[in-house]
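Here is a short briefing for a first look. Please keep the sequence and the 3D view open while reading.

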Amino acid sequence: MAGPSLIPSGDYRTTYAADTTIFPTKASRNAAIAGIVLICFAPLAFSEYWLSILIQIGIFAIAALGLNILVGFTGQISIGHAAFFLFGAFTSAYISNTLPIPVFFAIPLAGVITALVGLIFGIPAARLKGLYLVIATLAAQYILLDFFSRADWFSGGAAPASANPFSIFGYVFRGDRQYFYVVLTYLVVSYLLVTNLMRTRDGRALVAIRDHYLSAEIMGINLTKYRTLSFGLAAFFAGIAGALYAHYQLVVSNEGFGIERSIIFLAMVIIGGTGSIMGTLMGTAFVVLLPESMEWISAGLKGSAIDKALSLNNNITFLREIAIGLIIIAFLMFEPDGLAHRWRQIKTYWKLYPFSH
Amino acid sequence: MTMKSLLGTVSLALLLGGAATAAQAQIAIGHLEDLSGGTSDVGTPYGQGVADTFAWVNKNGGIGGKQLNVDSNDYGYQVPRAIALYKKWSGADKVAAIMGWGTADTEALTGFLAQDKIPDISGSYAAALTDPEGTSGKAKPAPYNFFYGPSYSDAMRAMLTWAAEDWKAKGKPGKPKFVHMGANHPYPNAPKAAGEAIAADLGFEVLPPLVFALTPGDYSAQCLSLKSSGANYAYLGNTAASNISVLKACKTAGVDVQFMGNVWGMDENAAKTAGDAADGVIFPLRTAVAWGGDAPGMKTVMEISKMSDPTGNVYRPVHYIAAVCSALYLKEAIDWAVKNGGATGENVAKGFYQKANWVPAGMEGVCNPSTWTEKDHRPTMKVDLYRSKISGPTDGDLNDLVKKGTIKLEKVKTIELPRKPEWFGW
């Protein structure tokens with residue numbers, strides 16, 4: 001992760017606090033604030049299609065952020081993240097449907113309940129490492145999915161469950177244009193929370209475990225506590241994201257959240273950059289936009305000369321899946337440090353432009 | 001970066017291109033198809049049938065001089081992807097109707113369809129979609145859901161009625177045993193309660209259901225339980241590809257049971273793949289004839305088929321013809337809407353109510369006469385039961401196999417169910 005420093009010469013740090021600010025310079029802080037303000041106007045400027053993509057990026061980025069705490073900051077692994085996502089979705093739908101709790105409160109509550117479930121499934125993590133942990137989290141994936149397909153009272157069983165639209169004090173958010181702001185708020189708050197978490201004692205403990213668990217233990221870090229906590233945190237953000245997804249779709253189905261979705265969450269973290277908070281957002285955007293762009297290309301190819309020459313017809317759909325796989329492999333080969341690393345290089349390039357080297 | 005900017009340019013060009021075509025077309029239709037998911041075996045011919053039919057309508061001048069702009073999308077049988085597409089179709093450029101597909105996604109959309117007033121002609125025939133006002137008390141109101149053919153539950157009732165007679169005719173002693181088989185998924189589950197209820201009424205012993213997945217796999221274990229349970233009649237609730245796995249495994253295990261397939265559970269392709277394992281399976285046929293059958297409307301179906309197969313040599317399975325019927329019913333409903341205030345979803349739904357016992361023009365003798373009313377969306381109560389007959393090795397071209405009679409769909413019985421109020425909505 002060692003990249004060229006972006007701190008201008010003459011900018012000295014005299015306290016530890018100054019060394020751990022969220023934004024290294026005033027300009028970067030202002031740029032981030034301006035960016036958020038600018039994206040607030042997205043519902044006015046973008047078509048519904050693009051808005052739905054932005055909302056998807058927002059929701060999945062929160063879930064991927066949770067996974068990055070686990071994978072990127074604590075050095076654990078989970079291939080059951082999608083099950084926690086779905087658990088949050090069903091929980092929020094269930095709470096807001098059956099109890100007199102408005103959706104506004106159901107979402108954070110679903111996050112908390114999912115975190116508790118995550119803590120339970122995190123217990124083996126305290127003892128297991130590497131491949132063994134992978135299999136343990138795989139079990140979580142299957143146990144939860146099986147639970148959803150059987151627990152009629154909770155998830156509606158095999159049939160999709162319905163979720164209420166997002167409402168606050170009687171005001172109901174209808175349509176993507178309004179829901180966009182709900183997701184944006186959660187996204188900004190989540191990213192700020194995690195950025196701050198990593199500046200605290202607990203956050204540094206997680207990183208210490210990742211870098212060398214034995215040294216961390218010798219220094220007095222309680223491995224069991226922090227490893228389990230990390231699972232809880234990951235599940236918390238997965239639950240929040242799932243709840244947001246439930247009230248966005250208004251329907252929760254246990255389809256499409258199997259192991260392949262868990263792997264996609266991992267892909268988001270890896271492509272974005274493990275251990276990079278902004279990288280998570282970039283990785284999510286990349287992974288969400290990839291199938292969409294493939295869709296555009298396959299739509300463009302349909303009926304064209306290439307299509308006819310190779311008689312692709314309906315196989316274009318499968319070609320899309322293959323292309324996604326290929327691009328992810330290429331990414332791992334040529335950009336192993338993720339998009340965050342590439343972004344830093346681009347910034348450095350322009351910082352020194354035209355006098356680099 | 002260059003890759004990204006390239007993608008950006010391509011996508012922008014496509015978006016602009018898409019916008020240009022949308023401006024010319026006048027009646028938008030959303031089309032959900034499953035070409036890659038759990039039901040793609042039957043979803044592919046059905047999707048092709050829908051696409052061909054609308055292409056054929058457009059070639060012949062569209063509807064009321066307006067071309068149809070059909071947005072076909074493979075959603076891989078996944079509810080979230082169907083919802084995402086629905087959002088697109090119910091947004092700014094609202095579609096006049098949707099040609100839908102699966103039970104899970106159609107039932108998930110039912111409430112939205114009613115709210116946005118968009119009719120959905122689904123490939124799901126779940127009985128829960130037949131109650132437009134929710135008066136049955138067994139299903140939520142589904143005022144904008146339509147489908148062509150007998151509901152899954154009614155098809156099941158008809159098959160069990162036949163099975164009870166068959167048991168008597170064979171003069172076997174004791175109570176026949178019935179078992180429901182299928183994935184734990186809304187589609188195979190849809191007629192489960194109705195089937196088990198009527199089975200009990202008809203004097204069957206109802207065995208605990210057996211579960212097997214929607215995708216093909218090794219179902220030897222299910223066949224062994226089937227054998228040890230001593231079942232006489234088994235309902236196969238999944239689609240053809242997955243049912244074939246069961247048929248083959250049960251053939252190997254030497255299970256002596258009469259299989260009864262769902263409308264999507266058997267077709268000529270499946271019979272060819274399963275070979276002699278598919279011999280004797282009973283299933284309902286939604287159209288009066290199969291491909292190449294002797295009916296005036298078959299000429300139209302052949303014309304439509306040429307839209308994607310100019311040679312005219314491709315054999316179209318039963319699902320293709322059912323798709324043509326479904327799409328043409330919608331076409332006539334839109335036709336009525338265009339003449340009576342414009343092709344809005346609300347008018348298109350009304351278009352379905354204008355005639356009773358009707359067949360789309362040009363489809364005489366192919367589509368079975370259907371009726372939809374404001375109070376009852378069960379299009380038909382008549383169920384034609386067929387048996388697949390396999391009389392030899394099924395290698396080679398499907399066209400030849402059917403011509404030679406190696407694969408034959410043999411009519412068994414037509415069951416006319418009463419339109420009982422207690423059978424409504426489930």
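The model is a predicted one.

**Chain B as a whole**

- Chain B holds 14 helices and 13 strands.
- Its radius of gyration is 22 Å, close to the 22 Å that the globule rule gives for 426 residues, so chain B is as compact as a globular protein of that length.
- Along the principal axes, the C-alpha atoms of chain B fill a box of roughly 70 × 50 × 50 Å.
- Of the 426 residues in chain B, 57% count as buried.
- Take the contacts in chain B between residues at least 6 apart in sequence: 74% of them join residues at least 24 apart.

**The largest nonpolar core**

- The largest nonpolar core has 231 residues.
- Two members, A:Ala241 and B:Ile334, touch the most other members of this core.
- Leaving out residues up to four places away in sequence, B:Ile334 touches B:Ile27, B:Ile63, B:Ala96, B:Ala97, B:Ala343, B:Val348 and B:Gly351.

**Where chain A meets chain B**

- On one side are 21 residues of chain A, in contact with 25 residues of chain B.
- Three elements of chain A give two or more residues to the side that touches chain B: α4 (48-73), α14 (277-301) and α16 (316-334).
- The most comes from α14(A), with five residues.
- By type, the residues on this side of chain A divide into nine nonpolar, ten polar and two charged.

**Two residues with positive phi**

- A:Leu250 is a residue other than glycine, yet its phi is positive, near 70°.
- In chain A, the loop between α12 (223-249) and β4 (251-252) is where A:Leu250 lies.
- A:Leu250 has 18 other C-beta atoms within 10 Å. A residue needs 20 or more to be buried and 12 or fewer to be exposed, so A:Leu250 is partly exposed.
- B:Asn357, also a residue other than glycine, has a positive phi near 50°.
- The loop between α13 (345-351) and β12 (382-390) of chain B contains B:Asn357.
- Is B:Asn357 buried or exposed? It is exposed, because 10 other C-beta atoms lie within 10 Å, and the cut-off for exposed is 12 or fewer.

Terms used. Residues are numbered from 1 along each chain as its sequence is written. Chains are lettered from A and ligands numbered from 1 in the order in which they are written. This is a predicted model: local features need pLDDT of at least 70, side-chain atom pairs count only at pLDDT 80 or more; totals for chains, interfaces and linings use all residues. A nonpolar core is a set of buried Ala, Val, Leu, Ile, Met, Phe, Trp, Tyr and Cys residues joined through C-beta atoms within 7 Å. Two residues are in contact if their C-beta atoms, placed from the backbone, lie within 7 Å. Helices (H or I, at least four residues) and strands (E, at least two) are DSSP runs, numbered from the N terminus. Ala, Val, Leu, Ile, Met, Phe, Trp, Tyr, Cys and Pro count as nonpolar, Asp, Glu, Lys and Arg as charged, and the others, Gly among them, as polar. The radius of gyration is taken over C-alpha atoms; the globule rule is 2.2 Å times the number of residues to the power 0.38.
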